[in-house]
Amino acid sequence: MENPTQFVQWLRSVAPYIHAFGGKTFVVAFPGELVAAGALPVLAQDLSLLVALGIRIVLVHGSRPQVAEQLALRNVEGRFHNGVRITDTAAMECAKEAAGELRLDIEAAFSQGLPNTPMSHAQISIVSGNFVVARPLGVIDGVDFELTGVTRKVSAEKIAPILQFEDNLVLLSPLGFSPTGEVFNLTMEDVAASAAIALHADKLIYITETPMMSDAAGTEIRELSSHQAEAVLQANFLPPDAAFYLRHAIKACNSGVDRAHIVPFEMDGSALLELFTHDGVGTMISHENLESLRQATIEDVGGIIKLIEPLEADGTLVYRGRELIEREIEQFSVIEHDGVIFGCAALYPFPEEKMGEMACLTVNPDVQAQGDGERILKHMENRARAAGLTKLFVLTTRTAHWFKKRGFQPATVDDLPKDRQHMYNWQRKSQIFIKSL
């Protein structure tokens, strides 16, 4: 191992995600293009790792290129309307054959177990069945879609008990069945969104053949609320395939799914990078904004301690024990992103002098230079104003320049509130800066 220290730091950095994801349900959908590109074995390895971490996985596969291949072998031309296949009898036979072949390929991929590979000791059981009830799509714009259907119901009551068993993975094909025994050809995006909604999944993840989503100016789109995503659709600058994914992600988020991700499969390990890094490699959609800057609660104590411990160890911050943080938790504010705390600060008021001390301003080094420190500062200034304070002061040994750039002026111990003067640590000799609010 060339850099063991870096490996240890990385492993520690993903620990909050591992704790947060354990026992959660993820619906992961991928297109037939991923299989055609030869990326299925790697995806199986990555998803097996998620299962090993206690995440419950429902897998949905697409089959468009495989159906097209079967049609070509029969010299039958595929028909589409608005990007959706018109499924006649011949196309339905091809869809069945493609689904059966893909199911076998997926089962084989999850049966890998060679020593010294990521699948070593993995014993994933694939469970599939008639879990999807469908109805015909019908006639739209004067076009009869014949045996093309839409999902009417996903049998969550049958799937949920299966996921309770360790190492079980449920597989859904883009086919659905009617109460009268008919089979309908569905889109992978529709089945995945419907499954995520029915199962109250924590995440819906589309592993896509489309590139990273970008706006009209070419800037990558990393995060969207469902409201923002609807505005993106209305702007009509996305390619049709990307818009189709986004439309179903919005539907899922507006129906109770916490997060939806649209992740290109072209990058090796893209699913893991999306889930276990702050910025990810795809586009994340949520019903509300993913990031919150708020007053801390007792549940945040562990996250705050993890954040400030390295700075206490190197002397940047004064040591605060867990009991002290628990007692003073109402003084803290935190910045949280997708359930993980990435920054914090505390405000200690001195009402007589109408001054407040901002302490313990910390941002995770992995996400510094993204403006979170400044956002926390503005939040603490607003908290101080709301409390009737007119000045904010800080004591620092290493970040004087940062505070100077944001309007803090050098001061002396005599400028501090009297009670704070008595507590000044002359051994640390912290520099003092004050800002008028």
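Aspartate 141 is located in the loop between β7 (139-140) and β8 (143-144), where strands (E, at least two residues) and helices (H or I, at least four residues) are DSSP runs numbered from the N terminus. The model is predicted, so that local features need pLDDT of at least 70 and side-chain atom pairs count only at pLDDT 80 or more, while totals for chains, interfaces and linings use all residues. Residues are numbered from 1 along each chain as its sequence is written, and side-chain values use heavy atoms, with hydrogens and water left out.

Although aspartate 141 is not a glycine, its phi is positive, at about 55 degrees. Aspartate 141 is exposed because its relative accessible area is 59%; the cut-offs are under 20% for buried, over 50% for exposed and in between for partly exposed (1.4 Å probe, protein chains only). Lysine 354, a residue other than glycine, also has a positive phi, near 55 degrees. Lysine 354 lies in the loop between β19 (340-350) and β20 (355-363). With a relative accessible area of 45%, lysine 354 is partly exposed.

A further loop position is glycine 315, between α11 (301-313) and α12 (322-327). Its relative accessibility is 26%, and glycine 315 therefore counts as partly exposed. When neighbours within four places in sequence are left aside, glycine 315 is in contact with Thr397, Arg398 and Arg428, contact meaning heavy atoms within 4.5 Å. Threonine 397 is 82 residues from glycine 315 along the chain, and the C-alpha atoms of the two are separated by 8.9 Å.

Two helix pairs involving α5 were examined. The axes of helix α4 (residues 64-73) and helix α5 (residues 89-109) come within 8 Å and cross at roughly 125 degrees. Axes are lines fitted to C-alpha atoms, for helices over the stretch in contact, and angles run from 0 to 180 degrees between N-to-C directions. The helices α4 and α5 are therefore oblique to each other (angles under 35 degrees count as roughly parallel, over 145 as roughly antiparallel, 65 to 115 as roughly perpendicular and the rest as oblique). The contact is made by Gln66, Val67, Gln70 and Leu71 of α4 and by Ala90, Ala91, Cys94, Ala95, Glu97, Ala98, Glu101 and Leu102 of α5. By class, the contact of α4 with α5 has eight nonpolar, two polar and two charged residues; Ala, Val, Leu, Ile, Met, Phe, Trp, Tyr, Cys and Pro count as nonpolar, Asp, Glu, Lys and Arg as charged, and the others, Gly among them, as polar.

For α3 and α5, the axes come within 9 Å and cross at roughly 55 degrees. This pair, α3 and α5, is therefore oblique. Leu40, Pro41 and Ala44 of α3 and Asp105, Ile106 and Ala109 of α5 make the contact. In this contact of α3 with α5, five residues are nonpolar, none is polar and one is charged.

The largest nonpolar core has 52 residues, of which Phe30, Leu59, Phe110 and Ile207 touch the most other members. A nonpolar core is a set of buried Ala, Val, Leu, Ile, Met, Phe, Trp, Tyr and Cys residues joined through side-chain atoms within 4.5 Å. Helix α3 (residues 40-52) gives the most to this core, with six residues. Apart from neighbours within four places in sequence, phenylalanine 30 is in contact with Val35, Leu40, Leu43, Leu59, Val60, His61, Gly62, Ile106, Met188 and Ile207. A second, separate core of 43 residues includes Val27, Val60, Ala134 and Leu238.
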